[in-house]
Amino acid sequence: MDSQPIIEARNLDKFFGKFHALKDVSISVRQGERVVVCGPSGSGKSTLIRCFNALESHSSGTLVVDGIEVFEGSKDVRKLRQEVGMVFQQFNLFPHLTVLENLMIGPMKVRKVSRDQAERTARTYLDRVHIPEQAEKYPAQLSGGQQQRVAIARSLCMETRIMLFDEPTSALDPEMINEVLDVMVELAETGMTMVVVTHEMGFARKVADTMVFMEEGRIVEVAPPDQFFTAPASDRCRMFLAQILEH
Amino acid sequence: MALSETAGLRGPPIPKPPVHQQVLNSVPVAVAIYAIVVGLIVYGSFAGAQNMGYNWQWYRVPQYLYSFTDDGFQWGEISVGLVATIRLSVLSFALATFLGLVVALLRLSGLVVGSAVAVAYLELIRNIPLLVLLYLFYYVLGPIFGLDRYVASILTLAVFHSALISEIFRAGINAVAVGQWEAAKSIGMSTGQAYRYIILPQSVRFMLPPMTGEMVHLIKSSAIVSVIAVAELTTIGRNIISDTYMSFEIWFTIAAVYMVVTLILSVGVSFLERKFTVDQ
Ligand SMILES: Nc1ncnc2c1ncn2[C@@H]1O[C@H](COP(=O)(O)OP(=O)(O)OP(=O)(O)O)[C@@H](O)[C@H]1O
Ligand SMILES: [Mg+2]
C-alpha cells in the first residue's frame with residue numbers, strides 16, 4: 001500500500017456564521033485506505049467530508065487532496081471534484097434523466113468522453129452494482145437501494161480515485177441496507193480510497209482500516225477497528241458505541 | 001384528522017352550508033343562472049344598440065376572415081392581422097424569455113454587481129407603464145438608434161415581459177432541490193453545465209404554467225402597439241372600422257379572435273403538461 005497521504009488536512013476550522021462546526025481538525029488518509037467516520041448527530045462528520053470535495057470551504061487550516069490544495073475560490077476545484085466522488089444520503093440522482101443518462105452525463109460533459117465510450121463505461125459500472133437491467137428506467141421507478149447503487153455507479157463512472165460516502169444507507173429501508181453495503185464492500189476490495197460516514201458498525205468492522213470518532217466538531221479518536229471497538233480511549237466514544245451497538 | 005374530529009366533538013358542530021347556497025350550487029340551477037346572466041348582457045347590449053339605431057351588419061364580417069372569390073380561397077384582413085399578431089408575440093416572447101433568463105441568472109449569480117444590475121433593471125421596468133415604455137422606445141430610442149416601429153414594438157413587449165419572466169425563472173430554478181446542485185458539482189460540473197443539463201431541464205416543469213400565463217398576457221398586451229400603427233390584429237380592426245363604421249361587429253370579432261387564440265394556447269399547454277408528468 002502506498003503510504004503517501006492522498007488526503008491531508010491540517011488544523012481545519014469551519015465556521016457557519018458564528019457557529020464553530022469544525023474545530024482544529026487534522027486527519028490524513030493514505031491512498032487505498034478505508035476510513036469510517038462516526039459520531040453523534042451534529043458533530044461535523046458531513047461538514048468534514050464535504051470539505052474534501054470543496055462542497056464546503058473550510059475557514060482556516062490547510063487541506064490537500066490528491067495533490068491539489070483546496071481553498072475558497074481555487075481554480076482547481078473542478079479538477080479536484082473529478083478525482084473525488086461523493087455519495088449522498090438522499091441519493092440525489094437526476095430525476096429527469098434515465099439511469100443510463102445519469103451515469104453518462106458526467107463523463108460526456110465533464111470529461112468529454114464520446115457517447116459510445118460513456119455508455120460502455122456506464123454499463124460496466126451498472127453491472128458492478130448489480131442492476132444492469134434497470135438502465136432505461138427513471139430514478140423514481142427504482143427502490144431506494146437501487147437508487148443508491150445507481151448513485152454509487154454514477155460516481156464510479158467518473159473514474160475517481162477517492163470516494164466519499166455521507167451516510168449512504170441511513171435513508172434506506174432496513175431490507176435494502178445490505179445490498180448497498182455489499183456493493184461498498186466490493187468497492188473496498190478493489191483498493192479504492194474511501195471515507196465513509198456511517199453508523200453501520202458491521203460494515204466498519206469488515207472494511208475499515210481506520211475508525212474516526214467525532215464529537216462537537218472535533219476528532220476525538222482515531223484508531224484501527226480492533227482497538228476502536230474493544231478498547232476505545234475516550235469515555236464519550238465508549239458510550240456512543242454502547243448506544244449504537246445495542247440495536 | 002384526529003384534530004378535526006376532536007374539534008367537532010368539543011366545539012360547535014361544523015355548520016352545513018345554508019340552504020340557499022346548496023340550491024344555487026346545484027348544477028341545473030347554476031347553468032340556468034349563468035345562461036340568464038349571459039343572455040341578459042347580450043340582450044342588453046343588442047337592445048341598447050337597437051335603441052341607438054345601430055345598423056347591425058354581421059353578414060359583412062366573414063369576408064374579413066376569409067373569402068371565396070373567382071381566384072379561390074383567400075384569407076381576409078383579420079386573419080392576416082392575426083398572423084401578424086402571432087408573429088409579433090412569438091418574436092417578443094422569445095426575446096423576453098432570453099432577457100428574463102439573463103436577468104434571473106444575474107440575480108442568482110451571487111455577484112453583487114450582477115444582482116444590483118438585475119434589481120435596477122427590474123425596478124425600472126416594473127415602474128413604467130407599458131404605453132410609456134412603447135413611446136420611449138419608438139419616439140426616443142427609435143430615432144437615436146434607428147429602430148423602426150416593428151423593432152420598437154418587439155423590444156417594448158420583450159423588455160416589459162422580461163421582468164415577470166425573470167421572476168418565473170428565478171422561482172423555477174429555486175424550486176429545484178439543493179441536492180441536485182451538489183450532485184452536479186460533485187461530478188465536476190461547472191455552474192453553467194449544472195444549469196444547462198441538470199437545473200433548467202427540471203425547472204421547466206415548474207415554469208410551464210406561469211410561462212403560459214405570461215404568453216397569454218403578452219399576446220393581449222401586444223394590442224397596444226396599434227397606437228404606433230404597427231400592422232397587427234387590433235390595428236387592422238381599427239382600419240376596417242374606419243372604412244366601414246361597423247365598430248360593434250368588428251370589436252366583438254377581434255375580441256373573440258384574441259380569446260380563441262389564448263384559449264387554444266392554454267389548453268394546448270395543459271395537455272403538454274399532463275404528458276410531462278406522465279413521462280416522469
Ligand atoms: N449550511 C449550514 N449552515 C449553518 N449551520 C450548518 C450548516 N451545515 C451544518 N451546520 C451545522 O454544523 C453542525 C455540524 O453539521 P454536520 O451536518 O456536519 O453534522 P453531522 O455530524 O453530519 O450530523 P448528522 O449525523 O446529523 O448528519 C450542525 O450543528 C449543523 O447544524
Ligand atoms: Mg451528516
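# Close-up views of a predicted two-chain model

**His130(A) lies in the loop between α4 (115-128) and α5 of chain A.** The elements named here are DSSP runs, numbered from the N terminus: helices are H or I runs of at least four residues, and strands are E runs of at least two. The model is predicted; local features need pLDDT of at least 70 and side-chain atom pairs count only at pLDDT 80 or more, whereas totals for chains, interfaces and linings use all residues. Residues are numbered from 1 along each chain as its sequence is written, while chains are lettered from A and ligands numbered from 1 in the order in which they are written. Although His130(A) is not a glycine, its phi is positive, about 65°. With 15 other C-beta atoms within 10 Å, His130(A) is partly exposed. With C-beta atoms placed from the backbone, a residue is buried if 20 or more other C-beta atoms lie within 10 Å of its own, exposed if 12 or fewer, and partly exposed in between.

**Helix α5 of chain A spans residues 144-157.** This helix has 14 residues, and the distance from its first C-alpha to its last is 20 Å, close to the 20 Å expected at 1.5 Å a residue. The expected span is 1.5 Å times one less than the number of residues in the helix. Of the 14 residues of α5(A), 13 are buried, and the helix is mostly covered. Just after α5(A) comes Glu159(A), with a positive phi of about 50°.

**Asn92(A) occupies the loop between β6 and α3 of chain A.** Its phi is near 55°, a positive value in a residue other than glycine. Is Asn92(A) buried or exposed? Asn92(A) counts as buried because it has 22 C-beta neighbours inside 10 Å.

**Four strands of chain A form an open sheet in the order β2-β1-β4-β5, with antiparallel pairing.** Two strands pair if DSSP finds at least two bridges between them. Strands of a sheet pair through backbone hydrogen bonds, either parallel or antiparallel. Why do β2 and β5 (68-69) of chain A stand at the edges? Each has a single partner strand, so one side of each is left without a neighbour in the sheet. Strand β1(A), residues 5-16, is joined to β4(A), residues 60-65, by five bridges. Across this pair, Ala9(A) has Leu63(A) as its bridge partner, and Ile7(A) stands opposite Val65(A).

**Strands β1(A) and β2(A) run antiparallel and are joined by eight bridges.** Phe15(A) has His20(A) in β2(A) as its bridge partner. The hairpin of these strands has two residues between them, and Gly17(A) there takes a positive phi near 60°.

**A hairpin of chain B joins β1(B) to β2(B) through two residues.** Four bridges connect β1(B), residues 66-69, with β2(B), residues 72-75, and the strands run antiparallel. Ser67(B) faces its opposite residue, Gln74(B), in β2(B).

**Ligand 1 is surrounded by residues of chain A, including Phe16(A), Phe19(A), Gly42(A), Lys45(A) and Thr47(A).** A residue is near a molecule if its C-beta atom, placed from the backbone, lies within 6 Å of it. Both β2 (19-30) and α1 (45-52) of chain A supply at least two residues of this shell. The largest share, three residues, comes from α1(A). By class, the shell around ligand 1 has three nonpolar, seven polar and one charged residue. Here Ala, Val, Leu, Ile, Met, Phe, Trp, Tyr, Cys and Pro count as nonpolar, Asp, Glu, Lys and Arg as charged, and the others, Gly among them, as polar.

**In the contact between the chains, 21 residues of chain A meet 16 residues of chain B.** Two residues are in contact if their C-beta atoms, placed from the backbone, lie within 7 Å. On the side of chain A that touches chain B, the elements giving two or more residues are α2 (77-83), β6 (84-87) and α3 (99-109). This side of chain A holds ten nonpolar, seven polar and four charged residues.

**The largest nonpolar core has 114 residues.** Such a core is a set of buried Ala, Val, Leu, Ile, Met, Phe, Trp, Tyr and Cys residues joined through C-beta atoms within 7 Å. Among the residues with the most contacts inside this core are Val36(A), Ala153(A) and Leu164(A). Helix α8 of chain B (residues 149-174) gives the most to this core, with twelve residues.
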